[in-house]
Amino acid sequence: MPRLLFPLFALLGLGAAAMAGEPTVIEGPAQVVDGGTLAVDGKTLRIAGMVAPGPRQKCLDGNLPWLCGAAARQHLAKLIDGRPVRCETVAPGRAQCRTGELDLAAAMVRDGWAVADRDGEAYRELEAAARQARRGLWEKAP
């Protein structure tokens, strides 16, 4: 019987870090899924702290629709530019991601291609500055 308990305790020990809320680091080449989602090392991650338009989302330029979701995706791909990313999970499926020293959420919000989400308090000033300067999504906003 003691032999059976050892593997069980070993498995429980491995899961303790995840249950304690310690971030998991996922790094490597990234595929841009949409303006707020990356696929890294076989895992799909939403970038924490921001919300970008969906892949097929349209925005209005006056009365004319344009594919702002596709533009946000292109901007994120340009920021990454083939460099590896490093993501630290903050919740299941959500992570803070960087390429080098560049915080991807901050850059997307600063450039006007995303807005700060409810957890992105640190990005609120960047969003306000992007709106005022009419960058990204705000360029064509009424």
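One aromatic pair was found in this predicted model. The two partners are W66 and W113. Their rings lie 6.2 Å apart, centre to centre, with 80° between the planes. The pair counts as edge-to-face because the angle is over 60 degrees. W66 belongs to strand 7 (residues 64-66). W113 sits in the loop between helix 3 (104-110) and strand 11 (115-116). The two residues are 47 residues apart, and the pair links distant parts of the chain. Both W66 and W113 are buried.

The chain as a whole contains four helices and eleven strands. Of its 142 residues, 37% count as buried. Among contacts with a separation of 6 or more, 49% come from residues 24 or more positions apart.

Charged side chains were examined next. Seven salt bridges are present. One of them joins D111 to R110, with the closest N and O atoms 2.8 Å apart. D111 counts as buried because its relative accessibility, 15%, is under 20%. R110 is partly exposed, at 34%.

Another salt bridge pairs E121 with R124, at 3.3 Å between the closest N and O atoms. E121 is exposed, at 54% relative accessibility, whereas R124 is partly exposed, at 31%.

In helix 4 (residues 124-133), R131 and E127 lie four residues apart, about one turn of the helix. Their side chains form a salt bridge of 2.9 Å, N to O. E127 is buried, with a relative accessible area of 9%. R131 is partly exposed, at 40%. Finally, a network of salt bridges links E27, R86 and E88.

Conventions
Residues are numbered from 1 along each chain as its sequence is written. This is a predicted model: local features need pLDDT of at least 70, side-chain atom pairs count only at pLDDT 80 or more; totals for chains, interfaces and linings use all residues. Side-chain values use heavy atoms; hydrogens and water are left out. Rings of Phe, Tyr and Trp (its six-membered ring) pair if their centres lie within 6.5 Å; planes under 30 degrees apart count as stacked, over 60 as edge-to-face and the rest as tilted. Buried means under 20% relative accessible area, exposed over 50%, partly exposed in between (1.4 Å probe, protein chains only). Contact means heavy atoms within 4.5 Å. A salt bridge is a side-chain nitrogen of Lys or Arg within 4 Å of a carboxyl oxygen of Asp or Glu.
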